[in-house]
Amino acid sequence: MKVTFPHMGNLYICIKVLMEELGIDYVIPPFTSKRTLEIGTRHVPECACLPLKITTGNLIEAYQVGADTVLMAGGCGPCRFGYYCEMYREILKDLNYNMNVITLEPPNGNMVKLLQRIKNLLGGFNLYKILKAIKNTTQVAIEVDEVECLASKIRPRELEKGDVDKIYKKFQKDVIAAKGIEQIKKLIRDAKNNLLKVKTDEKANPLKIGIVGEIYTTIDYYTNFDIQSKLGAIGVETHRYVTISDWITEHIVKNALRLPRNLSYAHAAKPYLGKMIGGHARETIGNTILYAQQGYDGVIQIYPFTCMPEIVAESILPAVERDFDIPVLTLIIDEMTGEAGYFTRIEAFVDLLHRRKEKGTVDFRYILSGD
Ligand code: SF4
């Protein structure tokens, strides 16, 4: 058995730890590329969500390099994520690819079922080993997100453009060859230390933009054209609440252990969207409000074409923009999205935010008219 999984940003690092800790043979799919998207688009129904197309492409490419089993989280609620596993099964079967799809549903209280599936996957049951693997995976997910967050903070302040990207991309590449949790933790430590050594402009006061939207398109840097790195390169600091570690701790671990979850986004969103409608719509509304309250200059919402929860969120965002005086740019991505047009919109938005910030900071009493 050779297990694989779809890509989503740095998720491969966390799954690598999980597989190695559990002693499961695995294949990391080739990194998402134009080819991946073309393969997925060819085999997935046109109206399906973009993440389904890209991740199906990942699985087919993984099959071509030897994978025979897919490990995938399940989903529930009124959005299409819950059908992903079934869609994978049907598409791979139609293509005569002999791949077994194992769904790890979020426990939602039913730990027995989940543990049974894990038992089948492991060919036995060792509770200590499983708990240790979950603990280490969660820890690595948190630390990898810390590296990402640090990179987004330092990038707009770096004196030598490209220093942060060099360190960050090297870390993402080196981690593939690393063996075992200790080597991975060392790479994380090194990446953090190297980022902290980057020479920065102490006086820099970059624009701050919050990234909200559908989880896959906001996290997956191939799909969103590496928006956080590109914004950093033009001197904009970015932040994203929806992360892989947040998803693991808030949705899986805390749910399973019945621990209280951090629902600050839900409280903030309540006057506008009081119910969970699937996907991350409530996070989109709530986090936009939190960013406004924290003095961010703007928010960018990203979602895949036809994503139902985010369409609802988009229709609510103008009220949030008005009530909290924070500009929001919505970017909708599909397989036809061109990078040039996408960044023209982002640059125009950044210009607007610069002008707003200047207006807010310039004392007009001392400005003489040039007319
Ligand atoms: S959140 Fe949106 S893109 Fe993701 S599965 Fe649901 S409908 Fe599709």
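## Thr-56 and helix α3

In this predicted model, Thr-56 belongs to helix α3, which spans residues 50-64. Thr-56 counts as buried because its relative accessibility is 1%, and buried means under 20%. Beyond residues up to four places away in sequence, Thr-56 touches Val-44, Tyr-88 and Ile-91. Between Thr-56 and Ile-316 there are 31 Å in space, C-alpha to C-alpha, and the two are 260 residues apart in sequence.

Helix α3 also holds Lys-53, whose side chain forms a salt bridge with that of Glu-335, at 2.9 Å from N to O. This pair links distant parts of the chain, 282 residues apart, with Glu-335 in the loop between β7 (328-333) and α15 (339-361). Lys-53 is buried, at a relative accessible area of 2%, whereas Glu-335 counts as partly exposed at 24% relative accessibility.

## His-280

His-280 is located in the loop between α12 (264-269) and α13 (281-293). Its relative accessibility is 9%, so His-280 counts as buried. Apart from neighbours within four places in sequence, the contacts of His-280 are Gly-213, Ile-215, Val-242, His-251 and Glu-310.

## Further salt bridges

Side chains of opposite charge can pair when their charged atoms come close. In the whole structure, a search finds 19 salt bridges. One of them joins the side chains of Arg-155 and Asp-165 at 2.8 Å, N to O. Arg-155 lies in the loop between α6 and α7 (163-177) and Asp-165 in helix α7, so placed that the pair links distant parts of the chain, 10 residues apart. Arg-155 counts as buried, with 4% relative accessibility.

Another salt bridge connects the side chains of Asp-323 and Arg-322, at 3.2 Å from N to O. Asp-323 counts as partly exposed at 42% relative accessibility, while Arg-322 is exposed, with a relative accessible area of 62%.

## A nonpolar surface patch

Phe-125, Leu-127, Leu-131 and Ile-134 make a nonpolar surface patch of about 360 Å². Of these residues, Leu-131 is found in helix α6, which covers residues 127-154.

Conventions. Residues numbered from 1 in each chain as written. Predicted model: local features only at pLDDT ≥ 70, side-chain atom pairs only at ≥ 80, totals over all residues. Heavy atoms only, no water. Helix = DSSP H or I, 4+ residues; strand = E, 2+ residues; numbered from the N terminus. Buried < 20%, exposed > 50% of the residue type's maximum accessible area, 1.4 Å probe, protein only. Contact = heavy atoms within 4.5 Å. Patch = residues over 30% accessible without salt bridge, like charges linked within 9 Å, V, L, I, M, F, W, Y side chains within 5 Å. Areas by Shrake-Rupley, 256 points an atom, 1.4 Å probe, with all protein chains shown as cover. Salt bridge = Lys/Arg side-chain N within 4 Å of Asp/Glu carboxyl O.
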